[in-house]
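This report describes how the parts of one protein model are arranged. Look at the sequence and structure first, then read on.

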Amino acid sequence: MDYNATTPIHPLVKQELLDTLDICGNGSSMHTFGREAMERIENARTKIASLINAQPNEIIFTAGGTESDNTVLNYVAFGSKTSGKNEIITTPIEHPAILETAKFLENFGIVTKFMKVDSTGRVNPEELYELITDKTALISVMAANNEIGTIQDIKAIGAIAKEKGVYFHTDAVQAIGKIKIDVRDMNIDFLSMSGHKIYAPKG
């Protein structure tokens with residue numbers, strides 16, 4: 001019942017790990033050992049991409065969900081300031097990886113706006129029309145809440161973000177492997193996920 005917190009390593013994943021431990025090359029090296037390591041990395045990248053209908057070159061490895069969330073918010077916030085965009089829209093029930101990063105970014109002039117949630121933790125995507133301005137850089141809404149399990153209408157949020165020309169990020173750590181996520185169909189620009197929720201090792 002606690003698999004939403006973390007999962008054991010699947011036997012097939014464990015075997016893949018054991019097979020990989022014998023590969024000692026640096027994936028950036030041109031020699032045989034390096035190419036073998038890079039092949040493993042790119043194979044993993046391709047499998048992950050196919051899970052969410054992304055392209056392999058769109059997959060960036062981090063240490064986990066928290067670092068992924070931090071990276072997206074910082075990247076977009078600092079990258080958008082030069083174009084005069086300094087607003088982030090999110091919800092008050094996001095993971096601390098989002099809320100604490102948004103609070104940190106206030107020190108650099110980034111303004112955070114919060115969508116309202118109802119008694120079940122659900123947001124109304126239509127509210128975005130009132131919150132989005134020409135200064136909005138990013139919308140970040142969790143796909144499935146890590147505490148109460150609420151599943152948001154990510155496709156509707158993504159459609160509005162695309163219509164308004166605003167980047168859309170979803171923390172899908174609790175959703176991947178449980179509900180279908182298609183980054184193309186849902187207009188998701190950035191997605192965070194974590195292997196340890198779906199039978200891979202921690203970190």
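Helix 6 lies across strand 3 and strand 4 (167-171), where contact means heavy atoms within 4.5 Å. Helix 6 runs at about 160° to strand 4; axes are lines fitted to C-alpha atoms, for helices over the stretch in contact, and angles run from 0 to 180 degrees between N-to-C directions. Helices (H or I, at least four residues) and strands (E, at least two) are DSSP runs, numbered from the N terminus.

This is a predicted model, in which local features need pLDDT of at least 70, side-chain atom pairs count only at pLDDT 80 or more, and totals for chains, interfaces and linings use all residues. Residues are numbered from 1 along each chain as its sequence is written, and side-chain values use heavy atoms, with hydrogens and water left out.

Five strands form an open sheet with parallel pairing, in the order 2-1-3-4-5. Two strands pair if DSSP finds at least two bridges between them. The edge strands, listed below, each pair on one side only.

| Edge strand | Residues |
|---|---|
| Strand 2 | 111-114 |
| Strand 5 | 190-192 |

Strand 1 (residues 87-90) and strand 3 (residues 136-140) are joined by three bridges in the parallel sense. Ile 89 has Ile 139 of strand 3 as its bridge partner.

Ile 139 is also among the residues with the most contacts inside the largest nonpolar core, along with Leu 128 and Phe 168. Such a core is a set of buried (under 20% relative accessible area, 1.4 Å probe, protein chains only) Ala, Val, Leu, Ile, Met, Phe, Trp, Tyr and Cys residues joined through side-chain atoms within 4.5 Å. This core has 27 residues, and its largest share, four residues, comes from helix 6.

Definitions and conventions:
Buried < 20%, exposed > 50% of the residue type's maximum accessible area, 1.4 Å probe, protein only.
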